[in-house]
Every structure is written in structure tokens, then in C-alpha cells.
Amino acid sequence: MYNSTFFGTKLGQASLASIAAMVAMIALTSQMNLIENGPMMAQPGETAMLIELA
């Protein structure tokens, strides 16, 4: 199903764009959370919870 002819169609290109956008969102979100939670991670007993909505 997922071969070069599928990714040549508009639907296939849209799916690749969607996958790329999701990967970029996850990468940027994880970097932002590491920066925000940096000082909090040094304190014992504090737990950080990360919930992503897609």
C-alpha cells in the first residue's frame, strides 16, 4: 500500500507533510519542556508530568 506510487499522489504527499509536521511538533515541544523544567528537575520529590495533545 505504501509504495512510491502512493507517495506520488496528492494524498501521499499530504500524509508525508502531516508526518513531518507531527515530528517537528514533538521535537520542538520536547526541547521547550526540557528548558522549562530544567531547574525543577534538580529538586528531589518534584515530578514533572508531560501530556501531549495531538
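Guide: Leu 16, Ile 19, Met 22 and Val 23 make up a nonpolar patch on the surface, and together they contribute about 360 Å² of accessible area. Such areas are computed by the Shrake-Rupley method with a 1.4 Å probe, and for residues only the protein chains shown count as cover. A patch takes residues with over 30% relative accessible area and no salt bridge, joining nonpolar side chains (Val, Leu, Ile, Met, Phe, Trp, Tyr) within 5 Å and like charges within 9 Å; a salt bridge is a side-chain nitrogen of Lys or Arg within 4 Å of a carboxyl oxygen of Asp or Glu. The model is predicted: local features need pLDDT of at least 70 and side-chain atom pairs pLDDT 80 or more, while totals for chains, interfaces and linings use all residues. Residues are numbered from 1 along each chain as its sequence is written, and side-chain values use heavy atoms, without hydrogens and water.

The protein as a whole has three helices and zero strands, in the order α-α-α from the N terminus. Helices (H or I, at least four residues) and strands (E, at least two) are DSSP runs, numbered from the N terminus. Of the 54 residues, 7% count as buried. The accessible surface of the protein is about 4,800 Å², with 69% of it belonging to carbon and sulfur atoms.

Terms used: Buried < 20%, exposed > 50% of the residue type's maximum accessible area, 1.4 Å probe, protein only.
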